[in-house]
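Okay, thanks for coming, everyone. Let me put the model up on the screen, and then I'll walk you through a few of its packing details.

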Amino acid sequence: MPDQATPNRLYFGDCLEVMAEYLADESVDLIYLDPPFNSKRIYNAFIGGAQWVAFDDTWRWYEAIDDFHAVASEVSLAPTMEGLRRILGEGGELAYLSYMANRLRECHRVLKRTGSIYLHCDPTMSHYLKVIMDGIFGKQNFRNEVIWHYRKWSTGKYAFQRNHDVLLFYSRTKVRERAFNQLFMPRTASTIKRFGSKRIVSGYDERGERLPSQVADEDSEGVRLDDVWDISRVPPIKQLYPTEKPLPLLERIIKASSNPGDVVFDPFCGCGTTIHAAQNLGRRWIGIDVCVQACKVIQKRIEGHFDSLWDDIEFVGMPKTLEDARALAALDPFKFERWAASLVPGMEANKKQRGDKGIDGRGRLPIRKGEFVDVVAQVKAGNTNPSQVQAFNEARRQAGAELGVFTCFEDKVTSGMRNAAVNSGQFKDNWPVIQIYTIEDYFLGRLPDLPLANFRRP
Ligand SMILES: C[S@@+](CC[C@H](N)C(=O)[O-])C[C@H]1O[C@@H](n2cnc3c(N)ncnc32)[C@H](O)[C@@H]1O
């Protein structure tokens with residue numbers, strides 16, 4: 001376990017496992033989490049002019065059965081999870097909620113008694129998530145439902161435009177020492193007309209009657225900030241990452257619910273907006289993301305904004321050199337597989353611990369505007385042979401994917417394996433159906449021959 005006093009840590013991995021392995025009980029002051037929303041969407045990103053898919057926000061029940069049983073066996077959550085199973089049945093929604101409940105439980109463990117948590121979600125799931133948050137953090141610790149309102153071009157003519165997200169704000173306990181720094185918003189025109197910019201003093205007499213408001217000598221800071229926040233989204237053209245949240249949103253949360261020097265933690269940190277805001281405001285931070293590409297974007301973002309900071313960051317879980325990758329493969333083949341299955345932009349490792357039917361990762365890559373191909377990955381940490389390549393091609397076919405990437409170390413690749421890959425044929429006369437991608441390729445900055453390299457921003 002790293003020194004708990006170490007500031008500024010970035011982890012690659014599933015936040016459930018990373019929290020369990022590396023984060024001590026009651027060790028962080030503020031948690032902001034912006035997990036996938038169960039939007040049933042595939043998020044695209046443009047990096048270096050090419051499009052790739054950052055993550056697939058769709059959920060399958062079989063991927064989260066372990067999560068369901070982990071939370072449903074806990075006394076405080078059993079009735080909630082059982083109730084949700086009755087309402088929703090065993091499908092994608094319950095899978096998503098079980099996955100979230102299991103990770104929120106860990107968030108509760110690592111949050112200090114004086115800490116706060118903001119769960120960012122949207123109206124498709126916020127009502128179910130609130131029931132789960134009540135179960136984990138306690139109804140009495142619910143502080144606010146903050147509505148983040150923005151403008152965007154929405155579609156659909158038969159309902160109101162969907163232009164807000166929801167932030168569920170809870171404290172860990174009701175202790176008074178919790179950080180809460182009052183923020184202010186400007187006065188309305190009518191208040192300014194009546195009172196000007198001076199502070200207004202009001203109160204009650206001993207019989208509880210309201211006294212007339214009076215104007216004090218000093219200037220007012222404004223009106224106490226309410227729970228509806230108007231903040232512009234990051235325009236898609238400027239996004240570093242799909243689903244990137246605006247820096248001012250994170251700065252507001254961090255200013256309100258932490259103090260300089262506190263530890264701010266984001267278990268689903270994407271392109272690192274929370275990290276950027278925390279660093280701007282003199283807080284220490286911890287971030288986790290399960291996507292290799294997200295961690296790379298964070299590195300670039302930190303290097304671009306904060307001189308030499310990257311050198312002082314403890315970056316855990318993602319091999320930085322070929323030797324690191326070999327060491328990880330020997331030490332923890334599952335972690336190695338998870339990392340190697342998501343090396344290619346757009347590919348994501350399985351959510352489930354065990355590979356399913358020979359598939360360790362998958363992705364959907366755009367072939368042209370509006371048309372996608374399904375790609376699967378298999379990773380081998382140890383010895384390999386041609387029949388494994390053939391078996392992977394069969395697994396790919398059964399998974400309904402058009403393309404497959406077989407990943408291993410260069411010295412394990414034989415000419416028989418290369419032949420087996422070539423014999424698997426071509427997709428659309430353009431891309432090899434199965435290709436062998438090596439860890440050495442990755443460190444040399446080479447990509448497999450997939451549609452992503454060919455698709456340019458329109
Ligand atoms: C909605 S995005 C976060 C965006 C972020 N707030 C920002 O401003 O960039 C969700 C992120 O969670 C990551 N993710 C999904 N499941 C995860 C898990 N189990 N552990 C850690 N990260 C995960 C995805 O890779 C994605 O980057």
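This is a predicted model: local features need pLDDT of at least 70, side-chain atom pairs count only at pLDDT 80 or more; totals for chains, interfaces and linings use all residues.

So, H2 and H4 cross in the left-handed sense, meaning the near helix is turned anticlockwise from the far one by less than a right angle; clockwise would be right-handed. Residues are numbered from 1 along each chain as its sequence is written.

Helices here are DSSP runs of H or I with at least four residues, strands are E runs of at least two, and both are numbered from the N terminus. H2 is residues 65-72 and H4 is 92-110, and their axes come within 8 Å and cross at roughly 55°. Axes are lines fitted to C-alpha atoms, for helices over the stretch in contact, with angles from 0 to 180 degrees between N-to-C directions. That makes H2 and H4 oblique: under 35 degrees would be roughly parallel, over 145 roughly antiparallel, 65 to 115 roughly perpendicular, and the rest is oblique.

Who touches whom? On the H2 side we've got Asp 67, Phe 68, Ala 70 and Val 71, and among the H4 residues are Leu 94, Tyr 99 and Arg 105. Contact means C-beta atoms, placed from the backbone, within 7 Å.

H2 also packs on H3, residues 78-88; those axes come within 8 Å too, crossing at roughly 135°. So H2 is oblique to H3 as well. Phe 68, Val 71 and Ala 72 of H2 meet Ala 78, Met 81 and Glu 82 of H3.

Now the strands. S9, residues 198-204, pairs antiparallel with S10, residues 210-219, over five bridges; pairing takes at least two DSSP bridges. Val 201 sits opposite Gln 214 of S10. The hairpin has five residues between the strands, with Gly 208 at a positive phi near 85°. None of the seven S9 residues is buried, so S9 lies largely in the open. Buried means 20 or more other C-beta atoms within 10 Å of a residue's own, exposed means 12 or fewer, and partly exposed is in between, with C-betas placed from the backbone.

Last stop: a mixed, open sheet of five strands, ordered S16-S17-S18-S19-S22. S16 and S22 are the edges with a single partner each, so one side of each has no neighbour in the sheet. Ala 349 stands opposite Gly 361 in S17.

Notes. Two residues are in contact if their C-beta atoms, placed from the backbone, lie within 7 Å.
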